[in-house]
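Let's take a friendly walk through a protein structure. Have the picture in view as you read, and look up each part when it is named.

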Amino acid sequence: MNGVANGRLGKRKRADLFFRVLATASAAVVLLSLLLILGTILWKSVPALSLSMLTQTPKGGFYLGKEGGILNAIVGSLYLAIGATVLAFLLSLPLVLYLNIYKGRASKTAVWTRFFLDVLWGVPSIVYGAFGFVVMLALGLRASLLAGMLTVALLEFPIMSRAIDEVMRLVPRELTEASDSLGATRFETALKVMVRQSAPGILTGVLLAFGRGIGDAASVLFTAGFTDRVPASLADPAATLPLAIFFQLGTPFPEVQQRAYASAAVLTLIILLISLAGRAMSRKYTRHVVK
Amino acid sequence: MRLFKDALARRAMGLVAALPGILVLLIVVGLFLKSKAILGIEPLSRLLFSSAWHPLKGQFGLLAFITGTVWVTVTALVLAVPVSILAAIYLSEYAPRWVRESAKPAVDLLAGLPSVVYGVWGVLLVVPFVGGVLAPLAGVYSSGYSILAGGIVLAIMTFPTIIHVTLEVFASVPRSLRDASLSLGATKWETTRHVVLRKGAQGILAASVLGFSRAFGETMAVLMVVGNVPAVPRSLFDPGYPLPALIANNYGEMMSVPRYDAALMTAALVLMLIVLFFNVLARRILVRVERRVR
Amino acid sequence: MNGPAPISIRNLSVFYGDLQVLKDVNLDIPAKKITVIIGPSGCGKTTLLLSLNRLLDTAEGVRIRGQVLLDGEDIYAPRTEVTRIRKKMGLLSQKPQVLPMSIHDNVAYGPRIHGLRSKKDIDRRVEHYLKVAGLWEEVKDRLREPASVLSVGQQQRLCLARGLAVEPEIILGDEPTSALDPQSSQNVERRLMELKQEYTVVVVTHILRQARRVADYLAFLYLGELVEHGPAAEVFANPKDPRTRAYLTGEIS
């Protein structure tokens with residue numbers, strides 16, 4: 001050539017191929033992990049799942065008995081996670097709206113708040129559990145559905161806030177400016193424009209937080225207690241699926257271990273369902289969204 | 001009336017904005033208060049740097065647990081970061097659209113799986129794999145319950161975080177930039193390496209930082225596979241005992257042994273302070289990198 | 001024309017999914033002249049240009065039929081080495097895309113990729129082509145600075161230098177001045193006119209006046225069809241096809 005030999009071409013092509021294979025293999029590893037996990041859970045839980053498993057609470061000597069099922073944990077988890085998610089939402093949405101509507105991205109408040117949210121996001125859930133425990137004692141509460149809800153709400157709060165914030169940040173300024181220039185107050189702009197536009201993302205954020213909340217064991221370990229019964233009030237202790245798995249997996253009794261696998265399957269199924277539901281509803285709401 | 005509602009809303013939301021800061025403060029203070037029983041008695045250096053952990057004898061050295069935490073987290077990141085970035089490169093640069101679009105929900109699903117489910121899977125598959133396949137290959141004996149097992153499970157849990165952010169970073173690199181490189185006669189890998197990765201370097205760093213945060217904050221899955229032996233691990237195949245596992249496992253006994261609860265609260269406080277410190281550090285680094293790129 | 005055409009387009013059709021964007025185009029690009037492709041927006045001009053250096057390969061769902069002969073060899077033949085083809089052509093895009101590196105490294109990128117090792121040779125080449133692009137004086141003191149600090153006009157000239165540094169035979173321009181201010185546009189046009197002494201130039205533009213200024217050879221594309229082509233002076237003075245006439249007089253745009 002023009003001056004530069006093309007002799008390196010073979011080497012370049014080999015490098016190109018090598019990295020292509022490496023990248024593909026890495027993606028395969030990730031996919032394989034997912035399949036392995038789902039497959040293993042499926043394999044182990046199919047023998048354990050039955051109607052009675054899902055609809056009965058454990059009977060007669062929980063850890064020794066072969067009777068009963070995991071209804072206590074299913075209901076306990078649902079109550080707890082739903083309550084915690086609602087609480088977290090009541091705090092997250094106003095916070096993120098405030099950050100995006102009233103304060104510019106660069107304002108000191110916004111920067112500091114986001115910093116602390118980042119810190120909270122990274123706090124291990126066991127620390128939330130320990131803190132929740134401390135607060136519980138201080139308030140005179142006992143291990144209960146309420147204490148668990150509060151702790152998990154604490155866990156979900158930064159997760160939900162970050163997820164919603166990421167979506168709201170994408171709302172183009174022109175949209176909010178349009179609303180402002182029509183004479184709307186910032187609050188009205190917030191409600192009518194921002195929330196509508198980010199609705200699919202908000203939904204996804206809420207579901208994401210719900211998923212993390214329902215699946216977390218460390219935060220409810222100290223705070224929600226554990227029981228054979230379905231909780232009847234906020235002051236009752238509540239069994240949760242993650243703890244059901246954790247406690248029951250370690251026992252030497254295969255019948256009890258079965259309950260652990262069944263709980264794992266139910267928990268995974270719940271996560272799958274909310275994931276799908278999230279996508280489906282997201283698509284529905286995207287109709288109103290301005291591109 | 002509208003203006004009143006606006007002002008009211010503004011006040012209320014402003015209060016909520018203070019919440020994250022207040023919470024961080026409350027957590028640090030709360031844990032500190034509960035650790036006072038032991039902090040007042042044991043010198044800090046002994047708490048943090050002694051590996052003698054014998055609660056019944058009143059010895060509460062946390063070194064073994066701190067090193068356990070570090071080992072597991074580092075192992076996880078060493079595994080997770082390269083694999084995640086390469087997987088993201090595949091999805092972004094090589095995969096046909098239908099593969100990329102169906103991979104995204106798969107990655108999200110991986111992200112949503114609860115910690116305990118990972119733990120169960122770890123016990124069923126990863127532990128035997130480490131004990132029965134990897135350890136013999138390395139010429140050591142291991143029960144399988146090890147730092148490595150913890151690292152592998154944690155790495156898989158971290159994949160989605162890093163992949164998700166990295167994919168966004170790659171997507172933000174305009175296609176015409178890649179075209180510019182290609183039209184000079186560069187191969188796809190050369191383009192990826194010199195253009196895409198370079199342009200996205202800052203974002204990839206941020207993704208890794210996020211990945212670290214995620215990995216560090218994990219409790220259950222690691223607890224179930226890491227062995228929980230309170231000794232300083234000397235190899236990847238040794239069992240470890242990270243701080244979160246320590247706290248979670250001893251919840252039952254903590255009330256009966258004197259100062260045990262304070263020791264565990266100290267462990268929780270250590271975790272909290274590490275997270276805080278790390279976030280400050282990460283923020284500094286990211287800002288500096290951002291300034292350089294500008 | 002002296003000798004065989006460097007680029008011969010034979011029965012080229014391009015489909016994006018079900019949509020046929022180019023319909024059976026046949027065109028010989030003359031050597032060492034500026035060929036300008038004109039036509040209303042969306043008529044396939046850019047697609048035609050990008051089919052020449054196989055940049056269409058990167059888009060999804062594209063199907064290509066026909067041949068493009070570069071120095072007699074069909075670049076779409078199954079076993080052709082793409083990077084070699086692309087090296088023969090330099091592309092100047094509408095919006096200057098500077099690589100995320102220093103000014104010096106931007107120009108050095110191509111040569112380095114293709115194997116140029118010696119620092120001296122590289123520096124010499126960088127300086128040479130920056131001069132050819134008319135940018136040397138403005139950047140010679142800040143070669144190590146990131147290319148993003150340059151103005152848009154300067155960036156476009158940088159891209160020109162970068163494209164020339166791999167020593168192509170052909171220069172392709174995709175609306176190369178649309179994003180530039182009048183002064184820079186003029187600058188780039190002047191460069192292209194100087195360059196035609198060494199290189200074959202193919203430019204796509206929607207600015208008729210620009211076409212009048214620079215074109216030696218003209219091709220008019222309308223709705224994917226090559227309607228008319230020939231020496232620029234002839235086509236401008238006596239367009240044979242009514243559609244060409246309509247476009248040139250501004251009836252369709």
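Predicted model: local features only at pLDDT ≥ 70, side-chain atom pairs only at ≥ 80, totals over all residues.

## Chain C as a whole

Chain C is built with 10 helices and 10 strands. Its C-alpha trace spans about 55 × 45 × 35 Å along the principal axes.

How does the radius of gyration of chain C agree with that of a compact globule? For 253 residues, a compact globule would have a value near 18 Å, and chain C has 18 Å, so the two agree. Contacts tell us about the chain too: among those in chain C between residues at least 6 apart in sequence, 69% join residues at least 24 apart.

## Two helices meeting in chain C

Now find helix 3 (residues 103-113) and helix 4 (residues 119-132) of chain C, whose axes come within 9 Å and cross at roughly 115°. The crossing of helix 3 of chain C with helix 4 of chain C is right-handed.

Which residues meet here? Helix 3 of chain C brings C:His104, C:Val107, C:Ala108, C:Pro111 and C:Arg112, while helix 4 of chain C brings C:Ile122, C:Arg125, C:Val126, C:Tyr129 and C:Leu130. The residues of this contact divide into seven nonpolar, one polar and two charged.

## Where chain A touches chain B

Next, turn to chains A and B. Here 70 residues of chain A are in contact with 67 residues of chain B. Several helices of chain A each supply at least two residues of the side that touches chain B, among them helix 1 (9-45), helix 3 (71-102) and helix 11 (254-285). The largest share of that side of chain A, 21 residues, comes from helix 1 of chain A. Sorted by kind, the residues on the side of chain A that touches chain B are 47 nonpolar, 13 polar and 10 charged.

## A helix pair inside chain A

Finally, look at helix 5 of chain A and helix 6 (residues 145-168) of chain A: their axes come within 9 Å and cross at roughly 140°. Because of that angle, helix 5 of chain A is oblique to helix 6 of chain A. The crossing of these two helices of chain A is right-handed.

On the helix 5 side of chain A, the residues that meet helix 6 are A:Ser125, A:Tyr128, A:Gly129, A:Gly132 and A:Met136. Their partners in helix 6 of chain A are A:Ala147, A:Leu150, A:Thr151, A:Leu154 and A:Leu155. The residues of this contact divide into six nonpolar, four polar and no charged.

Definitions and conventions:
Residues numbered from 1 in each chain as written. Chains lettered and ligands numbered in written order. Helix = DSSP H or I, 4+ residues; strand = E, 2+ residues; numbered from the N terminus. Rg over C-alpha atoms; globule rule 2.2 N^0.38 Å. Contact = placed C-beta atoms within 7 Å. Nonpolar A, V, L, I, M, F, W, Y, C, P; charged D, E, K, R; others polar. Axes fitted to C-alpha atoms, helices over the stretch in contact; angles between N-to-C directions. Parallel < 35°, antiparallel > 145°, perpendicular 65-115°, else oblique. Left-handed = near helix turned anticlockwise from the far one by under 90°.
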